[in-house]
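Student: I would like to request a close look at a single part of this structure. Please begin with the whole chain and then turn to that part.

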Amino acid sequence: MRTQWTSTDRLLGKRSCYAQFGISMAYVPTMAAGVVAVGGFSAPIGDPYQAIMELFIFPSAVALVVAFAALHAYAPASNKTLSLSALIMVALMAAITICVHVIVLTVGRQADEKT
């Protein structure tokens, strides 16, 4: 089992955290524009803003998994079990999140058209 923290681990960890930050900084103005477009918080955000926000979630979930993988690589041997548990949990969260948002973007749109 490899226990050394490499420059590749560090680079991937940094880039995934920067990617998460960048995606979040793009998500916030999109959400604000969607709220303004519907006239406030009383109505749900509509298209195209909702679709753009949904699409931002996919790379965000992947960036989180990569960041946790880098964290696991950095963890000392005495805490590898905890960091592996965290990595597994965030990977499960990302998988569920991606599945839900794929369904919202595909099946949810078809259901809206029929009503």
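Student: Read along the sequence, which pattern does the chain follow? With that settled, please look closely at helix 3 (residues 80-114).

Tutor: The pattern along the sequence is α-α-α. The chain has three helices and zero strands, where helices (H or I, at least four residues) and strands (E, at least two) are DSSP runs numbered from the N terminus. With a radius of gyration of 18 Å, well over the 13 Å that the globule rule gives for 115 residues, the chain is more spread out than a compact globule. That radius is taken over C-alpha atoms, and the globule rule is 2.2 Å times the number of residues to the power 0.38.

This is a predicted model, in which local features need pLDDT of at least 70 and side-chain atom pairs count only at pLDDT 80 or more, while totals for chains, interfaces and linings use all residues. Residues are numbered from 1 along each chain as its sequence is written, and side-chain values use heavy atoms, with hydrogens and water left out.

The C-alpha atoms fill a box of roughly 55 × 25 × 20 Å along the principal axes. Of the 115 residues, 27% count as buried; buried means under 20% relative accessible area, exposed over 50%, and partly exposed in between (1.4 Å probe, protein chains only). Among contacts (heavy atoms within 4.5 Å) between residues at least 6 apart in sequence, 64% join residues at least 24 apart.

Helix 3 may now be taken residue by residue. Leu-84 is placed in this helix and is partly exposed at 38% relative accessibility. Together with Ile-88, Met-89 and Leu-92, Leu-84 forms a nonpolar surface patch with about 380 Å² of accessible area. Accessible areas come from the Shrake-Rupley method with a 1.4 Å probe, and for residues only the protein chains shown count as cover. Patches consist of residues with over 30% relative accessible area and no salt bridge, like charges being joined within 9 Å and nonpolar side chains (Val, Leu, Ile, Met, Phe, Trp, Tyr) within 5 Å. A salt bridge is a side-chain nitrogen of Lys or Arg within 4 Å of a carboxyl oxygen of Asp or Glu.

Met-93 also belongs to helix 3 and, at 33% relative accessibility, is partly exposed. Its C-alpha atom is separated by 8.2 Å from that of Ala-61, 32 residues apart along the chain.

Further along helix 3 comes His-101, which counts as buried at 17% relative accessibility. His-101 touches Glu-54, Ile-57 and Phe-58, leaving aside residues up to four places away in sequence. Glu-54 lies in helix 2 (residues 49-74) and is buried, with a relative accessible area of 8%. The side chains of Glu-54 and His-101 are joined by a polar contact of 2.2 Å. A polar contact is a pair of N or O atoms within 3.5 Å; within protein, one must be able to donate a hydrogen and the other to accept it, and residues adjacent in sequence count only if both atoms are side-chain atoms. With the same exclusion of residues up to four places away, Glu-54 touches Val-104 and Leu-105 as well as His-101.

Thr-106 lies in helix 3 too and is partly exposed at 39% relative accessibility. A polar atom of the Thr-106 side chain lies 2.8 Å from the backbone oxygen of Val-102.
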